[in-house]
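Dear colleague,

I am passing on the structure below and would be glad if you could look through it alongside my notes, which follow it.

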Amino acid sequence: MIEKRQASSFYQHFDPQERPVVDYYTGLFNRFIFSRQPILTNFLNPRERFIFKKIVGNDAQILEDGGYPNAEKKRLYLSEWGDFASPEEFEIIPLNINYNSKWNEINHSQILGVLTSLGVEISTFGDIITDNKKDWQFFVKKDLSSFFVDNIEKIGHSKVKLEPIDRNRVVEVNDDGIEKVETSVSLRLDTVVAAITNLSRNQVKEALLTKMIKLNWHDVAESNIIINVNDVLSIRHFGRVKIMEIGSTKRGKYRLTLKLWQSKKR
């Protein structure tokens, strides 16, 4: 028999600021135990999915889909073991952004800015993708697709028209991340960021105070957090970094193997 979860029993595994997330997903899983009906989540980032999977454990099946291969944000389908979920059951609609690409340009930041200005939760839409040419698309919950289509008519200086499309029209995304190796004298957050970006410790401190740095998709203000393998740092105006491996040098420093997605200069 599957036991009901107690959120407090998971707190020790996660940062204190993640407790509301733990509470929510514990409640969601307990709802599944009570109803025995599949549950479809909103779009979750990798950290949120990790937390949810930790809470569920092996007591139920979790399937996931983000609308295209290697999506970062995905919806999770929680069900009994052996249940099947077709792509349609994830209720994800790709939206193509039609605009005059001959005379205008749009970018990821502009699209994200428009989406977040609509007053919807960030979990109601998934990844924003491009073919690195002129085509841009993003993914939304099916029940809100009409809302996005009806309310977005301009992005940046460009007039746009959103068009729901089939998955076979989703663009092929090229991974433009590069692997790098950096050294750091410690694994403290501020020291690691300074080593990666070549910013001074004071500049990193200022960036933390002004919420320009996220760790695993959360704002962070404390500089003494210890960085671990698979942590993801998002640094405004610099890019996103995933810690792939942590080793050591002959001189006792830490060798960090990173994957870096550099911010595009516009």
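Is F147 buried, partly exposed or exposed? F147 is partly exposed, with a relative accessible area of 30%, whereas F148 is buried at 0% (buried means under 20% relative accessible area, exposed over 50%, partly exposed in between, with a 1.4 Å probe and protein chains only).

Please bear in mind that this is a predicted model, in which local features need pLDDT of at least 70 and side-chain atom pairs count only at pLDDT 80 or more, while totals for chains, interfaces and linings use all residues. Residues are numbered from 1 along each chain as its sequence is written, and side-chain values use heavy atoms, with hydrogens and water left out.

Turning to the aromatic rings, there are nine aromatic pairs, where rings of Phe, Tyr and Trp (its six-membered ring) pair if their centres lie within 6.5 Å, and planes under 30 degrees apart count as stacked, over 60 as edge-to-face and the rest as tilted. Y25 and F52 form a tilted pair, 5.1 Å centre to centre with 40° between the planes, and both residues are buried. The ring centres of F147 and F148 are 5.9 Å apart with the planes at 80°, so this pair is edge-to-face. Ring pairs also join F125, F138, F147 and F148 into a cluster.

Two charges sit over rings (NZ of Lys or CZ of Arg within 6 Å of the ring centre and within 35 degrees of the ring normal): K73 lies over the face of F125, 4.7 Å from the ring centre, and the charged end of R75 lies over the ring of F43, 5.9 Å from its centre.
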